[in-house]
Amino acid sequence: MGFDFYLSTMWNVLKALPLTLEIWFFGIAFGLIIATGLTWLRASGYKLGEYFTRAYVFVFRGSPLLVQLYLIYFGLSQFDFVRHSPILWAILRDPMYCTIVAMALNTAAYESEIFRGALRAVPVGQIEAAKAFGMPAFTRFRLVTLPIALRLALPAYSTEIILMTKATALASVVTIMEMMGTAQKIQHDTFRPIEVLTCAGVIYLLLNLSIARLFAWVEHRLSPHLRPPPEQRQLIKPVPEVL
Amino acid sequence: MEFLSDLKDQVSTAYELLAAGWGVQLLWGIAWTLAVTVVSMLIGAILGSLVAAAKFSHRGGLRFIGESYTTVFRGEPELLIIYLFYYGGTQVLTGVARSTGSISSTDILNMPSFLGGVLAVGIISGAYQAEVFRGSFLAIHRGELEAARAYGMSAWLRFRLVVMPQVLRLAVPGLGNVWQLTIKDSALISVTGVAELMLTANKAARSTHHSLLFYTLAGILYLVMTSISTPIFDKAERYTSRSFTRPK
């Protein structure tokens with residue numbers, strides 16, 4: 001009985017995994033597009049763009065995602081023009097799209113800060129060397145700045161992606177039956193919250209661990225220059241822990 | 001002009017609603033949010049320092065527990081942990097009460113929502129604080145610890161005079177980040193029925209049908225809370241590192 005219950009719960013929650021991944025993927029994809037725009041605006045050197053990005057980051061990082069989600073889902077529909085515009089209303093009356101919009105807007109604020117930091121961390125010498133070679137600005141960006149910055153942004157970006165996986169659970173509060181919503185429903189039907197939530201927890205943890213492994217692998221592949229060469233690796237012994 | 005009179009209408013309805021009692025309710029909501037955050041941070045500080053210590057332990061078992069704690073509680077959705085503590089707590093309490101016969105077998109003993117919420121947010125906050133403490137401990141100059149050992153200081157003396165003051169100083173910026181995270185996580189415990197800012201805004205939005213107004217207000221109040229804490233933590237940082245800056 002006990003084992004069967006775990007198995008069936010696990011399976012029922014897993015059936016909602018595609019929906020969770022759908023919210024996750026589109027949230028991240030649109031977030032990346034917005035973040036790129038914001039970073040460009042910030043780096044472009046226009047004062048107005050800079051103020052806008054600062055205000056955007058301040059607002060979206062300073063308030064809980066739940067408030068943003070409620071504001072978009074319940075709040076915006078109060079505007080007449082939203083309800084009368086066919087496109088906006090099609091997006092904003094659907095809880096699924098609302099979650100994706102909220103997640104994308106939220107993650108864009110964090111990501112634009114990550115990208116800004118990464119761009120600033122590109123060693124000046126590399127850019128100067130590219131200039132000395134007579135590279136035009138775009139080539140310089142494409143061949144020097146961007147690859148280095150992407151590599152530098154990767155660790156923080158992977159953290160942000162994991163935060164996004166966790167954020168998909170919020171979709172359940174606006175009635176979407178993704179993994180968290182499904183777990184909630186099973187829990188209400190069976191009154192066995194600990195067992196049900198543990199099953200859901202295991203799935204979320206495995207999902208996040210595999211995302212983390214994937215990013216660690218990409219990071220490893222992208223940084224051969226930071227590892228000591230094979231023969232040197234033998235010589236360096238770890239310093240014994242003194243405490 | 002129409003726009004202006006529209007705006008005037010909006011502002012006056014907002015004023016009326018707030019004066020009709022929702023303003024006071026929202027203020028109470030802020031108080032509860034701050035209470036939840038402070039208590040969770042304290043629970044998190046205790047758990048976080050224990051877990052950080054466990055991660056540096058010689059014993060493999062303790063290290064494993066520490067690692068699992070930070071991995072699990074940073075890797076799970078906050079909502080799930082909150083549900084686990086609230087509904088799971090109810091399940092455990094009901095089971096215990098029914099088996100001891102203090103309630104009848106059809107009654108349910110609910111987990112107190114504040115306790116459940118604070119425990120959940122505190123444990124999440126503890127996982128992040130453990131990492132902050134671990135990082136600050138690693139940043140302490142190894143030579144100082146070796147010098148303290150060479151003087152023959154006992155482990156406790158070393159901790160009290162060398163490790164703790166420096167960890168506190170180095171941890172302040174990281175703790176500031178965790179504090180902001182915890183404020184934002186505290187909004188999630190509205191699902192268990194603690195009347196903090198989010199739930200109050202929710203109730204107000206549902207019963208007055210002015211969701212835009214109340215959710216915007218809630219958002220602004222959260223922004224105020226998070227932005228006020230920045231200068232406070234800056235000040236704390238200056239205070240704890242006062243012996244490391246040159247006098248002007």
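Q: What share of the contacts in chain A with a separation of 6 or more comes from residues 24 or more positions apart?
A: 73%. Two residues are in contact if their C-beta atoms, placed from the backbone, lie within 7 Å.

Q: Before we go on, what kind of model is this?
A: A predicted one: local features need pLDDT of at least 70, side-chain atom pairs count only at pLDDT 80 or more, and totals for chains, interfaces and linings use all residues. Residues are numbered from 1 along each chain as its sequence is written, while chains are lettered from A and ligands numbered from 1 in the order in which they are written.

Q: OK. How many helices and strands in chain A?
A: 12 helices and zero strands. From the N terminus on, the order reads α-α-α-α-α-α-α-α-α-α-α-α. Elements are DSSP runs numbered from the N terminus: helices are H or I with at least four residues, strands are E with at least two.

Q: What about the radius of gyration of chain B?
A: 23 Å for chain B, while a compact globule of 248 residues would have one near 18 Å. Along its principal axes, the C-alpha trace of chain B spans about 75 × 65 × 25 Å.

Q: How much of chain A counts as buried?
A: 34% of its 243 residues. Buried means 20 or more other C-beta atoms within 10 Å of the residue's own; exposed means 12 or fewer, and partly exposed is in between, with C-beta atoms placed from the backbone. In chain B, buried residues make up 40% of the 248.

Q: And what share of the contacts in chain B with a separation of 6 or more is between residues 24 or more positions apart?
A: 75% in chain B.

Q: Switching to the interface. How many residues are in contact between chain B and chain A?
A: 32 residues of chain B touch 29 residues of chain A.

Q: Which helices of chain B each supply at least two residues of that side?
A: α2 (60-75), α3 (78-100), α5 (142-150), α7 (197-208) and α8 (211-240) of chain B. The largest share, 10 residues, comes from α8(B).

Q: How do the residues on that side of chain B divide by class?
A: 19 nonpolar, eight polar and five charged. Ala, Val, Leu, Ile, Met, Phe, Trp, Tyr, Cys and Pro count as nonpolar, Asp, Glu, Lys and Arg as charged, and the others, Gly among them, as polar.

Q: At what angle do α7(B) and α8(B) pack?
A: About 165 degrees, with their axes 8 Å apart. Axes are lines fitted to C-alpha atoms, for helices over the stretch in contact, and angles run from 0 to 180 degrees between N-to-C directions.

Q: So parallel or antiparallel?
A: Roughly antiparallel. Angles under 35 degrees count as roughly parallel, over 145 as roughly antiparallel, 65 to 115 as roughly perpendicular and the rest as oblique. The crossing of α7(B) and α8(B) is right-handed. A crossing is right-handed if the near helix is turned clockwise from the far one by less than a right angle, left-handed if anticlockwise.

Q: Which residues of α7(B) meet α8(B)?
A: B:L197, B:M198, B:A201, B:A204 and B:A205. Their partners in α8(B) include B:F214, B:L217 and B:L221. By class, the residues of this contact are 11 nonpolar, one polar and no charged.

Q: Back to chain A. How do the axes of α2 and α9(A) cross?
A: At roughly 135 degrees, coming within 9 Å, with α2 covering residues 17-43. That makes α2(A) oblique to α9(A). Their crossing is right-handed.

Q: Which residues meet there, α2(A) to α9(A)?
A: A:W24, A:G27 and A:I28 in α2(A) meet A:I161, A:M164 and A:T165 in α9(A). The contact has four nonpolar, two polar and no charged residues.

Q: Now the backbone. What is phi of A:T175?
A: Near 70 degrees, a positive value in a residue other than glycine. A:T175 sits in the loop between α9 (137-167) and α10 (179-190) of chain A.

Q: Is A:T175 buried or exposed, and why?
A: A:T175 counts as exposed because it has 10 C-beta neighbours inside 10 Å.

Q: And where is A:F191?
A: In the loop between α10 and α11 (193-222) of chain A. A:F191 is not a glycine, yet its phi is positive, about 55 degrees. A:F191 is exposed, with 12 other C-beta atoms within 10 Å.

Terms used. Rg over C-alpha atoms; globule rule 2.2 N^0.38 Å.
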